[in-house]
Amino acid sequence: MSERHPIIAITGSSGAGTTSVTRTFENIFRREGVNAAVIEGDSFHRFDRKAMKTKAAEAEAQGNQHFSHFGPDNNLFPELEALFRDYAQSGTGQRRKYLHDAEEAAPYKQDPGTFTPWEAVPDGTDLLFYEGLHGAVVTPEVNIAQHPDLLIGVVPVINLEWIQKLYRDKSKRGYSTEAVTDTILRRMPDYVNYICPQFNHTHVNFQRVPMVDTSNPFISRDIPSPDESMVVIRFAKPKGIDFQYLLSMIHDSFMSRANTIVVPGGKMELAMQLIFTPFIWRMVERRKRAMGLN
């Protein structure tokens, strides 16, 4: 953690909805004039798309049915921790981009599914913002969770997470239901061992709960809409959180525990704006004082 060079990390599984949360933070940064160094978790995968397919085929031929993007063998955990540590100390560090599609790849004249070369984080950023699978990973070798000043978990109930992944991978990536189901099953051990434990370390968790039947996610045709959902927001350390203010500002919200507020799904972005804008104000103000910029 660092007053001079703060870090915000959003962590969640594939299909959890971390990208939507990122858009909310981008809106806050734009409105508040915050210059953030944005880091995509996919850029710290070990293999590019082509190499990952080759490695997965080799693993399957050797009887490994659980080769996935979720575990340490296929990710650069030490390099991610080094980036967080270096940024907290000096406001810099090494990053790269993963080019998901042809549109992203075109400016770099590279193929989709490849990485750009490593480069230094630009000088003069106000904070580092990470969104991906592993923002709070702790293993015997690394402790990434110790570095962020604000750690946010995005954790839909599991059936909803699968529905969202199925919908995205089928509609946007052209995968079949069978292929996506196979991916979910293959990832399950790493999901249990490396994704779920992160939410013990997060400062705030957002868990969307559908109010409609999702008992068989593999036949669902639609993602439950925000208006068909509630969002459970749990604070690890609720000291300083003005729950009465949040309850007054977010209609139909209520508290289910002393550290937990439940809001309508359609109010999730509003809740994030109300909760995190003051956090960012305080981060920026502490940074200015520490840097002597006031």
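Predicted model: local features only at pLDDT ≥ 70, side-chain atom pairs only at ≥ 80, totals over all residues.
Two packed helices are described by the angle between their axes and the distance between the axes. In the present model, helix H1 comprises residues 18–32 and helix H8 comprises residues 268–291. Their axes come within 10 Å and cross at roughly 50 degrees. The handedness of the crossing is right-handed. On the H1 side, the contact is formed by Val21, Thr24, Phe25, Asn27, Ile28, Phe29, Arg31 and Glu32. H8 contributes Met268, Glu269, Met272, Gln273, Phe276, Thr277, Ile280 and Trp281. By residue class, the contact of H1 with H8 consists of 9 nonpolar, 4 polar and 3 charged residues.

Positive phi values occur at two non-glycine positions, lysine 109 and aspartate 252. For lysine 109, phi is about 55 degrees. This lysine lies in the loop that connects helix H4 (102–105) with strand E5 (114–115). Its relative accessibility is 81%, and lysine 109 is therefore classed as exposed, the cut-off being over 50%.

For aspartate 252, phi is about 70 degrees. The residue is located in the loop between helix H7 (243–249) and strand E11 (254–257). With a relative accessible area of 64%, aspartate 252 is likewise exposed.

Key
Residues numbered from 1 in each chain as written. Heavy atoms only, no water. Axes fitted to C-alpha atoms, helices over the stretch in contact; angles between N-to-C directions. Helix = DSSP H or I, 4+ residues; strand = E, 2+ residues; numbered from the N terminus. Left-handed = near helix turned anticlockwise from the far one by under 90°. Contact = heavy atoms within 4.5 Å. Nonpolar A, V, L, I, M, F, W, Y, C, P; charged D, E, K, R; others polar. Buried < 20%, exposed > 50% of the residue type's maximum accessible area, 1.4 Å probe, protein only.
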